[in-house]
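Student: Could you show me how to read a contact between two protein chains, going slowly from one feature to the next?
Tutor: Gladly; let us look at the chains together and then take the features in turn.

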Amino acid sequence: MDRETLSALQALFAPADIKQREGSFGKTLDYLETSTVVQRLNEALDGDWSFHIVEHVVREDLSEVIVVGKLVAGEIVKMQIGSATLKRHRQSGELMCLGDDLKAAASDALKKCATLLGVGLQLYRSDEGQPAPSPPIGHPRTNSSADPPSPRSSSSSGRLSPKQHQLILKLAAEAGINKNELNRHCQQQYGRVVDFLAKAEASRLIEGLFAGAIQAA
Amino acid sequence: MNTPARSLQQLRQELHVSYSQINTYLTCPLRYQFHYVQGRSPEHVGASLLLGSAIHSSLAHYYESLRDKGAAPSGDDVLDHFREALSRQLGQVQAPILYKAEAPDAETLLTQGEGLLRAFLVDPSFQGMEVIAVELPLQATLTSADGAGHDIALIGAVDLLLRDQLGRWLAVDHKTAKQALTQEAIDRDLQFSAYALLLAENGYLEEGSSLHCAFNVLRKLKTPKVERHLTLRTQNDRQRFARVADSVLAAIEAQVFVPCTGWQCADCPYQKACADW
């Protein structure tokens with residue numbers, strides 16, 4: 001991917017493109033709509049990209065659906081996890097529409113994959129101790145995220161999310177890799193055990209597990 | 001109250017923090033990094049740690065029998081359980097075992113443990129109280145100072161949960177120790193605050209109520225003896241523990257791992273790693 005394309009992907013969004021919603025604990029969260037991200041990908045990549053759902057997991061016990069998305073742009077492949085809360089009828093507790101929840105999780109995964117190409121990174125910078133672009137006048141920014149509101153993240157300095165952790169353990173188990181073997185692999189590759197991986201390291205590990213590049217001893 | 005649906009082993013499969021982790025970090029952040037973050041094997045294992053685990057297992061066996069069968073097991077049964085547990089501990093350990101002068105080998109360690117349990121069996125105490133749970137696994141959401149919930153849960157297991165005739169809870173923690181505990185240390189101990197938070201978050205305690213706690217200490221003396229120390233944990237103590245946990249998690253996130261030199265260095269299983277640091 002050339003620098004021009006990367007610059008186009010990473011270009012700052014106009015304040016009007018950045019939406020806000022009320023998050024948990026009274027915070028205001030910034031986010032991008034899926035259509036805005038799709039438009040950016042189309043413009044920067046000239047439509048030459050595709051998005052695939054590699055796997056999905058419905059956890060009714062946790063009222064959550066998790067999907068693993070893969071964004072392909074030329075030779076570049078980015079994978080990330082998206083999630084959505086399962087919506088239920090208030091009275092019966094039955095699922096309202098699993099398809100809609102899966103689509104929401106897929107949109108989340110697409111936005112996360114696009115972030116790995118630099119799309120919307122400006123929303124994350126203030127969380128990582130880097131200077132964020134000035135908020136629009138009259139819109140004080142208290143928190144920024146391209147994701148739905150979530151509990152206070154353990155990962156403000158990059159520690160893997162509980163969802164990444166959950167998926168890693170699931171994929172490892174499916175590959176016949178036990179926790180000790182997984183920890184040994186992480187110690188060799190990253191100098192720490194799986195519970196303390198950084199987000200980016202966890203993403204690489206997930207890709208490796210998917211690709212079958214990490215085998216049981 | 002919620003019945004625990006998952007074992008401690010299952011809870012450990014998720015991203016979590018425990019009292020033990022928090023205490024390790026407060027004792028020495030570098031040791032925390034070696035143990036939990038890097039997953040280094042210890043350079044040695046203290047014999048007292050193995051003894052403590054085997055004693056814990058034996059006391060759990062004692063109270064489980066009391067709960068399930070309504071009668072205490074025989075002394076021989078408890079001692080047999082201890083011998084098996086210690087033998088298993090000694091067999092599983094992969095690092096060199098660090099013995100101390102008071103119990104310089106495995107045989108003496110066994111004798112010491114038997115002495116401790118015999119002292120316990122003479123006076124098991126907590127008579128008249130109902131055994132509700134043994135090694136009760138619990139999980140709670142930690143809340144930070146600004147009211148936000150952490151996505152890393154606090155987990156822990158209460159050694160013993162009893163209930164008196166008035167319906168009051170008593171959380172018991174078993175300890176083996178050579179030195180006597182001071183009441184000041186007991187009143188400050190964070191483990192009970194962690195227990196109180198876990199029990200409150202799981203519906204055992206009402207808002208604003210306090211938890212009665214007791215240390216069941218088996219003293220490693222020439223003539224072993226058992227001491228019980230009572231204390232109380234209030235809602236303020238729970239909130240303080242949550243603040244401590246929140247700060248420790250923030251420090252871990254910021255990767256603040258510095259050595260803390262002091263009494264704790266003598267038994268530290270990472271002395272060489274620390275010297276090389």
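**Reading the interface**

Tutor: In this predicted model, chain A and chain B bury about 1,800 Å² between them, and 49% of it is on carbon and sulfur atoms.

Student: Why is an area given for an interface?

Tutor: The accessible area lost when the parts come together is often used to give the size of an interface. In this case the contact takes 22 residues from chain A and 24 residues from chain B.

Student: How many salt bridges does the rule find across the interface of chain A and chain B, and which residues form a salt bridge there?

Tutor: For such a pair one looks for a side-chain nitrogen of Lys or Arg within 4 Å of a carboxyl oxygen of Asp or Glu. The rule finds 1 salt bridge across the interface of chain A and chain B, and R159(A) forms a salt bridge with E253(B), with 3.7 Å between the closest N and O atoms. Across this interface there are also 3 residue pairs in polar contact, both residues being at pLDDT 80 or more.

Student: Which helix gives the most to the side of chain A that touches chain B?

Tutor: On that side, α5 (162-174) and α6 (179-190) of chain A each supply at least two residues, and α5(A) gives the most, with 3 residues. Sorted by class, the side of chain A that touches chain B has 7 nonpolar, 9 polar and 6 charged residues.

Student: Is Q164(A) buried or exposed?

Tutor: A residue counts as buried when its relative accessible area is under 20%. Q164(A), which lies in helix α5 of chain A, is at 3% relative accessibility and therefore counts as buried. Its side chain and that of S203(A) are joined by a polar contact of 3.4 Å. Once neighbours within four places in sequence are left aside, Q164(A) is in contact with residues including Q80(A), I81(A), K199(A) and I206(A).

Student: How should I read the confidence of chain A, and what is the pLDDT over residues 126-157?

Tutor: Chain A averages a pLDDT of 79, and 82% of its residues score at least 70. Over residues 126-157 of chain A, however, the pLDDT is below 50, although this stretch has 74 contacts in the model beyond near neighbours in sequence.

Student: How many helices and strands does chain B have?

Tutor: The secondary structure of chain B comes to 10 helices and 8 strands, and buried residues make up 47% of its 277 residues. Among contacts in chain B with a separation of 6 or more, 74% are between residues 24 or more positions apart.

Conventions
Residues are numbered from 1 along each chain as its sequence is written. Chains are lettered from A and ligands numbered from 1 in the order in which they are written. Side-chain values use heavy atoms; hydrogens and water are left out. pLDDT is the predictor's confidence in each residue, from 0 to 100. Contact means heavy atoms within 4.5 Å. Buried area is the accessible area (1.4 Å probe) that two parts lose on being put together, summed over both. A polar contact is a pair of N or O atoms within 3.5 Å; within protein, one must be able to donate a hydrogen and the other to accept it, and residues adjacent in sequence count only if both atoms are side-chain atoms. Helices (H or I, at least four residues) and strands (E, at least two) are DSSP runs, numbered from the N terminus. Ala, Val, Leu, Ile, Met, Phe, Trp, Tyr, Cys and Pro count as nonpolar, Asp, Glu, Lys and Arg as charged, and the others, Gly among them, as polar. Buried means under 20% relative accessible area, exposed over 50%, partly exposed in between (1.4 Å probe, protein chains only).
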